[in-house]
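Q: I would like to learn how to read the features of a protein model. May we go through one together, step by step?

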Amino acid sequence: MTSSTTPSSAVPSRRLGIIGSIVGMLALMAAVLPHWVVPMVFPPPPADQIIVDTGHRIKERVIARVKGVEYQAPKVEKSAGRSWSETASATAISLGLLAILLSVLSLIFREERLLAGVAAVLGTGAIAIEISFVMIGALILIAILYVVGNIIGLF
């Protein structure tokens, strides 16, 4: 009879990979959800109001420059929606970086590679989404300034 004693293979730990995956999922949620939820709770002002306000500020700045007076920009109060969006962006990027760190530590401690990869992808995805929203916002701002500039004859 043969003994059924087989050498047991050590199962790699999964702790850091699981924690990293959870943190990465939270980062992804912090990156995506606020861009849909915050506008519903705190609706932004209408686009035509933003364009008119921007046009007035540019006009005042040009008039101040022509008169040789230093332009004093009016103090604008941050809206609650903007504060929430900025907080969510910082949270998403921070959690994304933490997920990537946990992924690297998981690989260093020779844990399961699949969970480490999931954590890294989720963290990187959250950061990429945040960067893409910032770039889209910058492009929209440039387009609005160009339209206002054409209206008042700067270009």
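Q: How do the residues of the lining of the largest pocket divide into nonpolar, polar and charged?
A: This is a predicted model, and the values below are computed from it. To read a lining, one sorts its residues by class. Here the lining of the largest pocket holds 17 nonpolar, 8 polar and 7 charged residues.

Q: What volume does the largest pocket have, and which residues are the closest to its centre?
A: The volume of the largest pocket is about 1,400 Å³. Its lining has 32 residues, and those closest to the centre are Pro44, Pro45, Ile50, Ser79 and Arg82.

Q: Which elements give two or more residues to that lining?
A: One asks here which parts of the chain surround the pocket. Helix 2 (34–41), helix 3 (47–67), helix 4 (80–108) and helix 5 (113–151) each give two or more residues to the lining. Helix 5 gives the most, with 10 residues.

Q: How many helices and strands does the protein have?
A: There are 5 helices and 0 strands.

Q: How should I describe the overall dimensions of the protein, and what is its radius of gyration?
A: One sets the radius of gyration beside the value for a compact globule. The protein has 25 Å, but a compact globule of 155 residues would have a radius of gyration near 15 Å. Along the principal axes, the C-alpha atoms fill a box of roughly 105 × 30 × 25 Å.

Q: Is Ser21 buried or exposed?
A: The cut-off is needed here: a residue counts as buried when its relative accessible area is under 20%. Ser21 has a relative accessible area of 12%, so Ser21 is buried. This residue is found in helix 1 (residues 15–32). Leaving aside neighbours within four places in sequence, Ser21 is in contact with Leu115, Val118, Ala119 and Leu122.

Q: Where is Ser106 found, and why does Ser106 count as buried?
A: Ser106 is found in helix 4. Its relative accessible area is 0%, and therefore Ser106 is buried. Apart from neighbours within four places in sequence, Ser106 is in contact with Leu16, Gly17, Glu111, Glu112 and Ala116.

Q: What is the relative accessible area of Gln49?
A: The value is 39%, so Gln49 is partly exposed, because this class lies between the 20% and 50% cut-offs. Gln49 is found in helix 3. The C-alpha atoms of Gln49 and Glu77, 28 residues apart along the chain, are separated by 16 Å.

Q: Where is Arg110 found, and what is its phi?
A: Arg110 is found in the loop between helix 4 and helix 5. Arg110 is not a glycine, yet its phi is positive, at about 55°. A residue counts as exposed when its relative accessible area is over 50%. Arg110 has 72% relative accessibility and therefore counts as exposed.

Conventions: Residues numbered from 1 in each chain as written. Predicted model: local features only at pLDDT ≥ 70, side-chain atom pairs only at ≥ 80, totals over all residues. Heavy atoms only, no water. Helix = DSSP H or I, 4+ residues; strand = E, 2+ residues; numbered from the N terminus. Buried < 20%, exposed > 50% of the residue type's maximum accessible area, 1.4 Å probe, protein only. Contact = heavy atoms within 4.5 Å. 1 Å grid on protein atoms, 1.4 Å probe; cavity = no way out; pocket = protein on both sides within 12 Å on 5 of 7 lines; lining within 4 Å. Points joined across faces, edges and corners; volume = space filled by probe spheres on them. Nonpolar A, V, L, I, M, F, W, Y, C, P; charged D, E, K, R; others polar. Rg over C-alpha atoms; globule rule 2.2 N^0.38 Å.
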